[in-house]
Amino acid sequence: MVIDLLAACRLIEDPDNRLAALSILRSPWCGLLLPDLELLAAGGSVLSEDFESPPGLSPDAGQRLQRLRQVWQRCHHLRDEAPPRTLLETFWLQMGGADGYADPGLLDHADRFLQLVDRHCPEVLDTDVLQRAAEKLFANDVSRSRLQIMTIHKAKGLEFDHVIL
């Protein structure tokens, strides 16, 4: 979920970022299938005004793409008026982000990420800063784990009760 929110941040920061747009289109809250994504990847920016759907795009993908474009247009007008968190949260909710994931615990991750946006980007969105902050916030603490994953070279000379190669 955090990766999808970061993609949304990148799209808000740069509407011509095709990778961010394609990432959102493949996210659970948009759900395009791979054949449709491949068709869109071959074209230009899906948010540009002169964009035309490529031949062979499924009707379902066309509807989902149209939804993204409509939500984007509504949110893009808020870009200079609303703080980054409001803009991101509005975009995410209108795209169905809160309903797009099966695990309800992920909503807590979204909330924590939105708090990061408040803390690190209160006025101007900077996805590089957010990505570094998110990596620290969501990094797994493996220091207390009994399982150690390492290369054979690193494990050389160490003694363990069980070793799985």
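**The core and its surroundings**

Modeller: Leu25, Phe91 and Phe113 have the most contacts inside the largest nonpolar core, which has 45 residues. Two or more residues each are given to this core by helix 1 (2–13), helix 2 (18–26), helix 3 (34–41), helix 4 (59–76), helix 5 (84–94), helix 6 and helix 7. Helix 1 provides the largest share, eight residues. A nonpolar core here is a set of buried Ala, Val, Leu, Ile, Met, Phe, Trp, Tyr and Cys residues joined through side-chain atoms within 4.5 Å. Buried means under 20% relative accessible area, exposed over 50%, and partly exposed in between (1.4 Å probe, protein chains only). Helices are DSSP runs of H or I, at least four residues, numbered from the N terminus.

A word on the ground rules. This is a predicted model, in which local features need pLDDT of at least 70 and side-chain atom pairs count only at pLDDT 80 or more, while totals for chains, interfaces and linings use all residues. Residues are numbered from 1 along each chain as its sequence is written, and side-chain values use heavy atoms, leaving out hydrogens and water.

Now for the charged pairs. The whole structure holds six salt bridges, each one a side-chain nitrogen of Lys or Arg within 4 Å of a carboxyl oxygen of Asp or Glu. One of them joins Arg26 to Asp4, with the closest N and O atoms 2.7 Å apart. This pair links distant parts of the chain, since Arg26 sits in helix 2 and Asp4 in helix 1, 22 residues apart. Asp4 is buried at a relative accessible area of 5%, whereas Arg26, at 39%, is partly exposed. Asp4 has another residue to look at: Ser23 is 19 residues away in sequence, with the two C-alpha atoms 7.0 Å apart in space. Ser23 is found in helix 2 and is buried, at 19% relative accessible area.

Another salt bridge, 2.8 Å from N to O, brings together the side chains of Arg64 and Asp60. Both residues lie in helix 4, four residues apart, which is about one turn of the helix. Arg64 is partly exposed at 31% relative accessibility, and Asp60 is partly exposed at 37%.

Asp118 and Arg85 also form a salt bridge, their closest N and O atoms being 3.0 Å apart. Asp118 lies in helix 6 and Arg85 in helix 5, so this pair ties together parts 33 residues apart in sequence. Arg85 is buried at 17% relative accessible area, while Asp118 is partly exposed at 39%. Arg85 and Asp118 are linked with Glu89 and Asp111 in a network of salt bridges.

Finally, the surface has a nonpolar patch: Ile152, Leu158, Phe160, Val163 and Leu165 together have about 590 Å² of accessible area. Patches are made of residues with over 30% relative accessible area and no salt bridge; like charges are joined within 9 Å, and nonpolar side chains (Val, Leu, Ile, Met, Phe, Trp, Tyr) within 5 Å. Areas come from the Shrake-Rupley method with a 1.4 Å probe, and for residues only the protein chains shown count as cover. Phe160 lies in the segment after helix 8 (152–155) and is partly exposed at 36% relative accessible area.
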